[in-house]
Amino acid sequence: MKHLRIFMLAILCSISFLAIGQTDDESVQNSKKIKGNFIHTVLFWLHNPANEKERKTFEDGVQELLNQCPFITSSHIGIPANTATRPVVDASYTYCVVITFESKEAHDKYQVDPLHKKFVEENKNLWDKVLVYDSVSP
């Protein structure tokens, strides 16, 4: 009987360690995922990319939108990275803004949100071109 208890305890300990290992693996996998199922990538080409005042105005407007809009899950604003020149790399844009949302519905609400409309209205005179790439998790 004593051996059976020791055996059962050993099995329970093994199961516990396996469960902990699986949780850690899942945590690592999940930590590498982008938060949000809907990704909204927007590339901007400013009229005057060398004009520091216009860049500051644009950056301040984007930051206000990203910080205040309740529908946004996570975000990033960036400029072209100094990576190797290759035929598949387009570094001609001035800014890249990536916004994630939990769903297409949250994205759709963002599009008509007064904060988004204000950003576009107050800053549209700063850019020549905008391209949008939207994607959802399969």
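This is a predicted model: local features need pLDDT of at least 70, side-chain atom pairs count only at pLDDT 80 or more; totals for chains, interfaces and linings use all residues.
Residues are numbered from 1 along each chain as its sequence is written, and side-chain values use heavy atoms, with hydrogens and water left out.

Now the chain as a whole. Of its 138 residues, 27% count as buried. Buried here means under 20% relative accessible area, exposed means over 50%, and partly exposed is in between, with a 1.4 Å probe and protein chains only. I will also talk about contacts, meaning heavy atoms within 4.5 Å. Among contacts between residues at least 6 apart in sequence, 79% join residues at least 24 apart.

I will start with helix α2, residues 52-68. At 1.5 Å a residue, its 17 residues should span 24 Å, and the end C-alpha atoms are 24 Å apart, which agrees. The expected span is 1.5 Å times one less than the number of residues. At the start of α2, the backbone nitrogen of Lys-53 has a side-chain oxygen of Asn-51 within 3.0 Å. For a polar contact the cut-off is a pair of N or O atoms within 3.5 Å; within protein, one must be able to donate a hydrogen and the other to accept it, and residues adjacent in sequence count only if both atoms are side-chain atoms.

Which residues of α2 are buried? They are Arg-55, Phe-58, Gly-61, Val-62, Leu-65 and Leu-66. These cover an arc of only 135° around the axis, which puts them on the same side of α2. The arc is that of the directions from the helix axis to the C-beta atoms. As a reminder, an α-helix has 3.6 residues a turn, so residues three or four places apart point the same way.

What do the buried residues of α2 pack against? The partners are the strands β1 (38-46), β2 (74-78), β3 (95-101) and β4 (127-136), plus the helices α3 (104-112) and α4 (114-123). On the face of α2 turned away from the buried side sit the exposed residues Glu-52, Lys-53 and Asn-67.

Helix α3 can be described in similar terms. Its buried residues include Ala-106, His-107 and Tyr-110. Those residues cover an arc of only 100° around the axis, which puts them on the same side of α3. They pack against β1, α2, β3, α4 and β4. The face turned away from the buried side of α3 carries exposed Glu-105 and Val-112.

Next, the charged pairs. How many salt bridges are there? The count comes to four, taking a salt bridge as a side-chain nitrogen of Lys or Arg within 4 Å of a carboxyl oxygen of Asp or Glu.

One of them joins Glu-64 and Lys-118, with the closest N and O atoms 2.9 Å apart. Glu-64 lies in helix α2 and Lys-118 in helix α4, so this pair ties together parts that are 54 residues apart in sequence. Glu-64 counts as partly exposed at 30% relative accessibility, and Lys-118 counts as partly exposed at 35%.

Another is Asp-108 with Lys-104, at 2.7 Å from N to O. Both lie in helix α3, four residues apart, about one turn of the helix. Asp-108 has a relative accessible area of 33% and is partly exposed; Lys-104, at 46%, is partly exposed.

Glu-121 and Lys-124 also meet in a salt bridge, at 3.2 Å from N to O. Glu-121 is exposed at 52%, whereas Lys-124 counts as partly exposed at 41%.

A word on cysteines. The structure holds zero disulfides, a disulfide being a pair of cysteine sulfur atoms within 2.5 Å. Cys-69 counts as buried at 6% relative accessibility, and Cys-96 counts as buried at 13%.

Last, a loop. Where is Ala-81 found? It is in the loop between β2 and β3, and with a relative accessible area of 53% Ala-81 is exposed. The C-alpha atoms of Ala-81 and Ala-91 are separated by 7.6 Å, with the two residues 10 apart along the chain.

Note on methods: Helices (H or I, at least four residues) and strands (E, at least two) are DSSP runs, numbered from the N terminus.
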